[in-house]
Amino acid sequence: MRVKSRISSVNLFFLLVQTMIGVGLLSLPHQTHEAAGSDGWISILISGFFIQLIVLLIWLLCRNFPNLTLFDFSKVIFGETSGTVLNFLYIIYLLTVICYIFIIYVDTLKRWILPETPAWILFLIAFVLLIYGSICNIKNLVSLFSLLFIFILFLFFITFLVYSDPYIDVRYLFPIGSSGGWNILKSTSDSMISFIGFETLLIYFAFIKQSKTISALKGVFLAVLFVTIFLTYIVILSTVMLSPEEIKITPEPVLYILSAMEIRILSRLDLIFLSFWGLIVFTTIISYTFSASMGISKLIHIKHKFAVILSGTFVLIVSIIFYYMEITLLEKWLKHLSLVFGIIIPILLLLITIIFKREAASTYEKN
């Protein structure tokens, strides 16, 4: 089924930025430092460049099927049965990402703001917000994300205040490259989870105007560039503020730094940061839920709002289970799943499309 709503390249910029910047922002400096030390910022730049290439490949795939989402053209490429199986797997992957974000979000709130609040209450509140925000169309989604983009700028402003601290030491960044090329590349693979969100382009490219032209890529490239610069900035900030020994034992360096900061008119910058961060995280949740619900509605032929409720219920139950079991287990799964569903499968789909292009294109036109 062809989508009828249309968004511009600028709209896609806001969609992608809000989807990609999420829970990984807080722990990214710690994760990159474990493998690459003070060169963690280099691995972020490499990851950003690599994501740009993957985004280009996804566009080359989607331009062969204008107005069709992954859940439509997968059946054209693989056939009805295999395509349905692939759609089901992608839905599970998208829901798994939401579960991971749910767990990290609740865990962070409990440790930093609401230690006495039962986790199930926070999960329930998140569930209600998920349902409320995801029962919408693509234009409502764009309007919401465009409005909330300003909070990302607020995050930048709040963290920029740290540079007034007299204890900042840029020498922690040097010597550049001292960690070695292998460790930097290893850190690149570990930091990829902080870039997840670009795979939703397999759905969003169907909505963009003139998706076959190179102009459709402008907003996407700028979005990935913006996210790369922002994440690099956060890693550099943490590196120059904390010694290597401190970063190793600090899971969320940014919050730790802000909690120690106090300026004349503002105190507890970490709580202000978390308030804005929470809104941004929910745009990521809404984006993934919207995408997963589209797949569910096509898979079992139900209305979008019922698919959202079904998605939210699944996420709520699974998130609570994993929260009390082992959070890191889900993160390990997600690192492998993001590689498969974000990179390997799109490349495989593109190769098959190139080889059988005429058959793949003509098959759908007849239906």
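**Thr 19**

I looked up Thr 19 and found it buried, at 0% relative accessibility. Buried means under 20% relative accessible area, exposed over 50%, and partly exposed in between, with a 1.4 Å probe and protein chains only. Thr 19 sits in helix H1. Helices here are DSSP runs of H or I with at least four residues, strands are runs of E with at least two, and both are numbered from the N terminus. I then took a C-alpha to C-alpha distance: Thr 19 and Leu 350 are 23 Å apart in space and 331 residues apart in sequence.

**Ground rules**

I note that the model is predicted, so local features need pLDDT of at least 70 and side-chain atom pairs count only at pLDDT 80 or more, while totals for chains, interfaces and linings use all residues. Residues are numbered from 1 along each chain as its sequence is written, and side-chain values use heavy atoms, with hydrogens and water left out.

**Cavity**

Rolling a probe the size of a water molecule over the atoms shows where empty space is left. A cavity is a set of points, on a 1 Å grid over the protein atoms alone, where a 1.4 Å probe fits but cannot get out; lining residues have an atom within 4 Å of a point. Grid points are joined across faces, edges and corners, and the volume is the space filled by probe spheres set on the points. I got one cavity of 30 Å³ or more. The largest cavity has a volume of about 110 Å³. It is lined by 13 residues, and the closest to its centre are Gly 22, Val 23, Gly 24, Ile 193 and Ile 196. Helix H1 (9-20), helix H2 (24-36) and H5 each supply at least two lining residues. Which helix gives the most to this lining? H5 does, with three residues.

**Nonpolar patch**

Four residues of the nonpolar patch, its largest share, come from helix H5 (residues 80-112). The members are Val 85, Phe 88, Leu 89, Ile 92 and Phe 314, with about 400 Å² of accessible area together. Patch residues have over 30% relative accessible area and no salt bridge; like charges are joined within 9 Å, and nonpolar side chains (Val, Leu, Ile, Met, Phe, Trp, Tyr) within 5 Å. A salt bridge is a side-chain nitrogen of Lys or Arg within 4 Å of a carboxyl oxygen of Asp or Glu. Areas come from the Shrake-Rupley method with a 1.4 Å probe; for residues, only the protein chains shown count as cover. I checked Ile 92, which lies in helix H5. Ile 92 is partly exposed, at 31% relative accessibility.

**Cysteines**

How many disulfides are there? I counted zero, taking a disulfide as a pair of cysteine sulfur atoms within 2.5 Å. Cys 99 is in no disulfide; its nearest cysteine sulfur, that of Cys 136, is 19 Å away. Cys 99 is buried at 1% relative accessibility. Cys 62 is also buried, at 6%.

I found a positive phi of about 70° at Asn 67, which is not a glycine. Asn 67 lies in the loop between helix H3 (40-62) and helix H4 (70-78). Asn 67 is buried at 19%. His 301, not a glycine either, has a positive phi of about 55°. His 301 lies in the loop between helix H13 (269-300) and helix H14 (304-325). Buried or exposed, His 301? Exposed, at 69% relative accessibility. The last entry is a cis peptide bond from Phe 174 to Pro 175, with omega near -5°. Pro 175 is in the loop between helix H7 (138-160) and helix H8 (181-191).

Note on methods: On a 1 Å grid over the protein atoms alone, a cavity is a set of points where a 1.4 Å probe fits but cannot get out, and a pocket is an open set with protein on both sides within 12 Å along at least five of seven lines; lining residues have an atom within 4 Å of a point.
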